[in-house]
Amino acid sequence: MSHEQDPLERALHVEDDRIALGKEALKSAFLDDLFYAQGKFPALATRNDYYMALAYAVRDRMLQRWVSTAATYTREGSRTVAYLSAEFLMGPQLGNNLVNLGILPRVREAMVELGLDFDELLHQEEEPGLGNGGLGRLAACFIESLATLEVPSLGYGIRYEFGIFHQSIVDGWQVEKSDKWLKYGNPWELVRPEWAVEVKFGGRTQHDVDELGRLRVRWIPEKTVVGVPYDTPVLGYRTNTANTLRLWRAEAPESFDFASFNSGDYYGAVNQKITSENLSKVLYPNDEQLRGKELRLEQQYFFVACSLRDMLRILRGQKLELHRFAEKFAIQLNDTHPAIAVAELMRLLVDEEQMSWDEAWDVTARSFAYTNHTLLPEALERWPIAVFGKVLPRHLEIVQEINGRFLEEVRMRFLGDEGRLARMSLIDESGERYVRMAHLACVGSHAINGVSSLHSELLTNDVLKDFHDLWPHKFHNATNGVTPRRWIVLSNQPLAQLISEHLGDDHWIKDLTRLRGLERFADDAHFGGRWRAIKLENKRRLAAYAERKTGIAVDPYSLFDVLVKRIHEYKRQHLQILHIVALYRRIKADPQAEILSRTFLFGGKAAPGYYAAKLMIRLITAVGEIVNRDPDVRGRIKVVFLPNFNVTNGQMVYPAADLSEQISTAGKEASGTGNMKFCMNGALTIGTLDGANIEIREEVGAENFFLFGLDAAQVRDRRAAGYRPLDHYEANAELRGVIDLIRGGYFSRGDAGLFEPLIADLLGKDPYMLLADFESYLACQDEVSRAYLDTHRWTRMSILNVARSGRFSSDRAVAEYCADIWNARPVPIQLITH
């Protein structure tokens, strides 16, 4: 490609004061934006006005990098990673952008000099809750790492008007409220209506033969929706690269029907606008009802269709030929939600671009790669044929054609193996017929990966074994990672400063393996003292926050034992509660017993329709209500449920934790990323051999990890042998006492029925083997208490956990994807200046 600069690009003039990073320039820009962008002067300005003015001043400094990046990619036709994800849990942007620009201390100083509380401005930002948890947070870490590594990329998703619900705790129960993250506007995004895309739904297909005798299919839709892109710059750390997160908002083609209005049908006049905008209204609508299922499928197809059309627009804009699509774009499917992209790209190439099926399939299969994020069969998405055909009639035909050709290949490889054919088919024919989206993703992708060593092993040996037998070369492992910029540098600034001071520079922020240099300080008394002082200050900060939110005062000198993640039975929050009740019973039996002072901190949201998870939250709060006010306990145990756990308060929780609870049933957690955030902030892990826990233990050393419980093979064998949870209940007096105390209504004001569904499930089926792991878990927790009392030992373990956490940077994970899956390379950016 020619590197000659376009005349308009040469003429572009960027004023120095719009991009200058000096303190006085930043103060001037802040005041300008308060006046010109917010239309306020200090006497009338609110805290939100100040936040918005600062955000605009920072965005101006990002725009030079953003425009320069886009200009370079366009000029060079750079190979681009297109990361398709139904979730992007980005977290607040202001602090992270200041870190990545390298001006966080300077801006803090500037705001103080202007008489403003900088931390208040940071906390003013509404967090965009555009994800449920780990999946969306991983996507956010990955696109930040892509920019830091200077790899061309586009993140594609949905601009949900209402993100994941805001959680309140009322009378001990979770209550969901709408998440109005856009109520004050979003200063980080730019709308691009000129790149809007039309998306079809429903209707029927019409089959014709063209003049050359080729089959041509025309999709005649029932309705059409417009997708409008909203772009947010994603800045790399101390680089000139600013990639793009492009989120799609659904709008009606015509928002107001004058014919309906003039005829007196006032509802009908705006009805199309309302129904069209439903597509991007809410993150994950409840899909228990048929209409909810249709809406979820429509959401997934909507953002995929918009994104693929956008890629074709870019391809043409860079004057690249259609058959080079797979050379231009490496498309990553982040779990099964965007898997319909395989069928949509085929439709675009065959139906609209008149490409032959074989050539289109070659382009499609070389374009896509698929990340699987789950080992739970119920989480592998599938759609009833009737729903799929109603919403996407042409795509059902394409899926059936893909399936027919694919099963031919399976028949030839595995002659006479009808069972394998049934298992691998894209259509589940065993009862009500379903389209299996994970199978579509596997067939239509050139690479398939798991997200931890154990997860990838279980995929190839169990969940996707048939596909591995057919195509072993497609399978990879790429263990997850998290960005140290947000999760250490921003969240734990005193620790980051201590690390830089002792390593001699801050190069570790872009190469986390350099943290190994901290090992030589593991036994340094002075360093250890400073390490503990930072942890104590972080605990004080979290304790103050917890008291503001819950009214519960906690002792920052107690061990902070933390379990924060989505509430789910396989994540086993109720195993921790059984442990707390066991400690409580020991105190009641002997009020003078030596019990280590602990603060048990929980956080996480239960899906609105998941009753068992909501009951688990109620059990946590119910136990806390008794334990926290029993005079015999004397404050030695405190139980706190932090409401509305999200990225913002996660930035307070991870740095303050002493103990990280990673206690899922072995073989159920794909990877986990919270475990990595805790580890790199100096918390020690108590956990099973599940997900990335295994690799964390290998890295930090078995002696610096508290291991308990059955491993995945033992879980499988115990289940196969006829696991009987009652055996553990009957054999273990302490477990029996704990279960009976809960079952008898002690924590529910005598209402023995309240927690009966949980207890009956544990004693009857115990599908996640809490009772099998109970004894081992309690013994391990006793070892935790002994270790914490040995201050030098605990500090040493904490330092070594951080020193050996380098493998868990998302920079490492993204570099592996670039080398093994995407074939993507860095493209350095030269800034456009006047």
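The axes themselves are lines fitted to C-alpha atoms, for helices over the stretch in contact, with angles running from 0 to 180 degrees between N-to-C directions. Helices (H or I, at least four residues) and strands (E, at least two) are DSSP runs, numbered from the N terminus.

This is a predicted model, where local features need pLDDT of at least 70, side-chain atom pairs count only at pLDDT 80 or more, and totals for chains, interfaces and linings use all residues. Residues are numbered from 1 along each chain as its sequence is written, and side-chain values use heavy atoms, leaving out hydrogens and water.

| Pair | Axis distance | Angle |
|---|---|---|
| α3 (residues 23–36) and α4 (residues 47–76) | 8 Å | about 120 degrees |
| α22 (residues 493–503) and α23 (residues 525–550) | within 10 Å | roughly 160 degrees |

With that angle, α3 and α4 are therefore oblique to each other. On the α3 side, A25, L26, A29, F30, D33 and L34 do the meeting; on α4, the partners are D49, Y50, A53, L54, Y56, A57, D60 and R61. Contact here means heavy atoms within 4.5 Å. Sorted by class, that's 10 nonpolar, no polar and 4 charged residues. For the classes, Ala, Val, Leu, Ile, Met, Phe, Trp, Tyr, Cys and Pro are nonpolar, Asp, Glu, Lys and Arg are charged, and the others, Gly among them, are polar.

Over at the other pair, α22 and α23 are therefore roughly antiparallel, and they cross left-handed. P494, L495, L498, E501 and H502 of α22 touch F527, R530, W531 and I534 of α23. This contact splits into 6 nonpolar, 1 polar and 2 charged residues.

Now the strands, which pair if DSSP finds at least two bridges between them. Three of them make an open antiparallel sheet in the order β13-β15-β14. β13 (382–384) and β14 (427–428) are the edge strands with a single partner each, so one side of each has no neighbour in the sheet. β13 is joined to β15 (residues 434–436) by 3 bridges, with R382 partnered by R436.

Elsewhere, β21 (residues 659–662) runs parallel to β22 over 4 bridges, and E661 sits opposite I686. In β22 (residues 684–687), L684 and I686 point one way, T685 and G687 the other, and all are buried (under 20% relative accessible area with a 1.4 Å probe, protein chains only; exposed is over 50%, partly exposed in between).

Technical notes. Angles under 35 degrees count as roughly parallel, over 145 as roughly antiparallel, 65 to 115 as roughly perpendicular and the rest as oblique. A crossing is left-handed if the near helix is turned anticlockwise from the far one by less than a right angle, and right-handed if clockwise.
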